[in-house]
Amino acid sequence: MTTLIVRTFFSFFILVGGVLQGSQGPRRLPPLNRDAGKLTDRGGKIGEGDRVTVQTRRFGRLFCVVLISGLFALTFGRGDQKVAVPPGGEPVIALDAYLTNPVGGLERTNGDSSIVSVEGKSFTRALHVTTRLKAAESNASQMTVPNARPVAKGDVMLASVWLRGAAAGGQSPAIIEVLFERMVSPWTKSVSQGVSSAKSSGVWKHAFIPFQSSENYGVGEAMVSVRFATQPQSVEIGELIVVDYGKTKTLDQLVDFTIDHETLGTVAAKVDMAAVHQTMMGFGGDFCQPRYGSVEAMDVVGQYALDHLHVIHARVGFPLNNWNPQPGEFRDDAQAHAALLLLQIMARRHIPIVLTIWEGPQWMIGGAPEQMGKVLDPAKYAVCADAIVRFLTTARDKYGAVVDNFSFNEADYGVNFKFTSKTIGDFIRVAGPLFRAAGLKTKFVVGDTGGGSGFHDYAVPLLQDPTIAPFLGPLAFHCWDGLGATEASYRAIAAVGKTYKKPIWCLEAGHDAGLWQAPDPWGTWENALRTAMVYERTLRLTDASLMDYWTYEDNYPLVDKAGPKPYPVFRIIKQMEDVFKPGSHIVTTNVGDDALQVMVTSGPVRGRFAGLIVNAKGSGAVVLSGLPANAQVQLSLSDKSAQEQNLGVHRVSAKGTLKVTVPARSVITLIGTSQGTEKR
């Protein structure tokens with residue numbers, strides 16, 4: 001009964017209060033994206049350009065305010081527990097929008113959708129969606145709901161969603177992506193978060209998603225998007241609510257609210273020290289400021305990273321557009337000179353290098369500067385390869401820097417050169433012999449894809465081509481989709497590495513490619529926590545041996561350059577460096593609850609082991625078993641209040657167990673020493 005009353009009031013507010021905003025007389029909604037579906041209210045469709053008439057009067061506005069502030073404490077059934085959205089917010093979409101808006105693009109995944117009945121929950125109907133074909137992008141099949149009220153930049157918002165389901169075959173959870181984004185290009189995203197179902201397909205799972213709006217939006221200028229094409233799957237959405245609290249609450253307040261309703265409990269984590277996976281190369285970073293126009297080789301942030309982190313690898317941006325601005329002209333000055341000096345810095349520190357191209361000169365690649373998806377004419381493959389060779393030999397002969405590997409950045413996605421598997425293979429077939437003729441041992445990275453989900457299909461055709469095999473180096477991808485990608489797609493990366501016996505590198509490690517659009521996110525604990533989350537998940541699923549953080553300079557910075565003062569994310573990287581030391585081995589850890597992330601390593605020296613515990617939920621505990629008996633363990637804790645807190649030395653029991661208290665939304669690392677032996 002409570003939910004029925006709230007649903008009626010909620011839809012009433014959308015109809016009356018959500019669109020008026022102090023207006024008088026009739027009002028026309030702005031044009032909507034035709035692929036986005038229709039604005040709806042209680043099942044009635046408001047089509048593009050339809051006229052909505054609302055007579056606004058003082059008592060009506062007052063009634064809406066009283067209605068929302070007094071009654072908008074929505075409750076949801078969560079088993080026997082009730083979860084209430086905090087009062088004081090205003091709905092951005094109708095409560096039944098997920099039932100009345102169509103799912104677009106189902107023909108791309110051979111999918112279908114329907115409304116089904118639900119028993120035993122506070123909601124009685126759910127949206128059922130089945131996707132049967134794998135899609136290149138998760139938005140191939142999606143539902144989009146335009147915002148029905150204005151949203152201001154910096155507004156604190158909360159999304160709430162119920163779901164259940166399973167991937168095709170029923171062996172793994174269903175996964176959706178929930179976004180709040182601009183309705184049109186450049187599709188600015190305030191939030192983009194993957195949400196997985198419970199392990200059991202019949203169990204409903206609830207998720208809160210707190211976020212801030214990145215921009216100002218009028219009615220219909222933004223949209224709540226739910227993407228279903230993450231994998232072939234069947235999934236049901238039981239409720240979808242998005243609430244805007246304006247400036248009346250802080251983001252931290254909403255995060256704290258979600259913690260109170262998502263306690264962890266006690267989780268078991270079984271470690272098998274004998275089941276060894278990849279050997280870690282270590283952590284590195286991207287150094288790309290000259291590619292973005294800087295004429296200095298190293299900025300303050302980058303220097304701090306070099307001086308205070310164990311930088312095991314560097315990916316350096318190559319400004320081809322500045323190096324080769326006109327046919328036959330090669331200029332060792334400005335940005336190109338800065339990039340060459342950057343290579344020299346790395347070489348003097350004996351740091352291995354990947355050199356990567358983003359942008360090319362207009363005469364070579366055409367298009368506008370920084371335009372995405374530009375295709376290089378095959379007739380210019382040789383001149384492009386020649387320009388690369390000249391830069392590499394200049395780095396070697398003049399600056400003493402030998403470049404180990406080369407790539408085009410996210411060529412699958414087209415940032416900014418776009419190559420298919422076939423065309424990049426054709427380019428390598430031209431460039432590889434030119435590299436060798438110049439005495440270069442530089443190899444081509446396989447992939448360097450914009451995400452991990454599409455890596456398998458992009459890389460395998462290259463690896464199957466024997467004509468280019470001598471020129472191919474390590475496998476590489478970026479983990480921007482790491483928190484939303486399916487386990488199957490990330491495990492496929494590991495499988496490719498095993499099949500072709502090549503190392504796997506993540507050359508852009510980060511959790512949100514659109515984070516730069518958020519209001520000052522770099523120094524937040526949320527940024528640090530989600531970085532730890534994506535590192536753990538990527539390392540565990542892909543068998544990556546190298547993680548290059550994006551970036552170790554003033555672009556997604558680890559450090560406030562005004563100090564320089566380390567942000568929380570810097571502290572997290574430093575903690576994780578101690579766990580994933582070069583030469584350490586990742587071992588199998590089976591965790592009883594997917595809400596908690598746990599990873600353990602052994603080595604690199606005999607008797608040493610280490611662990612990473614990442615908790616994105618409320619407080620709880622983890623009981624680790626399978627550790628070396630009687631070992632001494634040093635614990636360090638980072639959370640919102642402080643980072644790298646020393647929790648002292650603890651001892652593993654004679655049975656190999658250790659119980660660790662895990663505070664809410666925290667990262668814990670453990671460093672253990674034992675005189676025992678582990679199999680290698």
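K189 is partly exposed, at 24% relative accessibility; the class lies between buried (under 20% relative accessible area) and exposed (over 50%), for a 1.4 Å probe and protein chains only. The model is predicted: local features need pLDDT of at least 70, side-chain atom pairs count only at pLDDT 80 or more, and totals for chains, interfaces and linings use all residues. Residues are numbered from 1 along each chain as its sequence is written, and side-chain values use heavy atoms, with hydrogens and water left out.

K189 forms a salt bridge with E181, with the closest N and O atoms 3.2 Å apart. A salt bridge here is a side-chain nitrogen of Lys or Arg within 4 Å of a carboxyl oxygen of Asp or Glu. E181 is buried, with a relative accessible area of 2%. Both residues belong to a salt-bridge network that also includes E177 and R227. S138 touches E177 and R227, and also F228, A229 and T230, residues up to four places away in sequence being left out. Contact means heavy atoms within 4.5 Å. S138 sits in the loop between β10 (125-131) and β11 (142-146). S138 is buried, at a relative accessible area of 13%.

The count of salt bridges comes to 33. In one of them, D286 pairs with R315, the closest N and O atoms being 2.8 Å apart. This pair links distant parts of the chain: D286 is in strand β19 (residues 282-287) and R315 in strand β20 (residues 314-318), 29 residues apart. Both D286 and R315 are buried. R665 forms a salt bridge with E526, with closest N and O atoms 2.0 Å apart. That pair, too, links distant parts of the chain, 139 residues apart: R665 lies in the loop between β35 (658-662) and β36 (666-673), E526 in helix α13 (residues 525-542). R665 counts as buried at 11% relative accessibility, whereas E526 is partly exposed at 29%.

E577 is buried yet has no salt bridge. Its nearest side chain of opposite charge, K574, is 4.9 Å away; Lys and Arg count as positive, Asp and Glu as negative, and His and the chain ends are not counted. E577 lies in helix α14 (residues 568-579). The side chain of E577 reaches the backbone nitrogen of H310 at 3.0 Å. Beyond neighbours within four places in sequence, E577 contacts F283, L309 and H310.

The protein has 14 helices and 36 strands. These are DSSP runs numbered from the N terminus (helices H or I, at least four residues; strands E, at least two). Of its 680 residues, 58% count as buried.

The largest nonpolar core has 112 residues. Such a core is a set of buried Ala, Val, Leu, Ile, Met, Phe, Trp, Tyr and Cys residues joined through side-chain atoms within 4.5 Å. Helix α9 (residues 381-399) gives the most to this core, with ten residues. Residues with the most contacts inside the core include I388, F408, F419 and F427. F427 is in contact with I388, F408, F419 and F444, among others, neighbours within four places in sequence being left aside.

F444 stands opposite L472 in β24. Four bridges join strand β23 (residues 443-449) to β24, and the two run parallel; strands pair if DSSP finds at least two bridges between them. Seven of the seven residues of β24 (residues 472-478) are buried, so this strand is largely enclosed by the rest of the structure.

Notes
A polar contact is a pair of N or O atoms within 3.5 Å; within protein, one must be able to donate a hydrogen and the other to accept it, and residues adjacent in sequence count only if both atoms are side-chain atoms.
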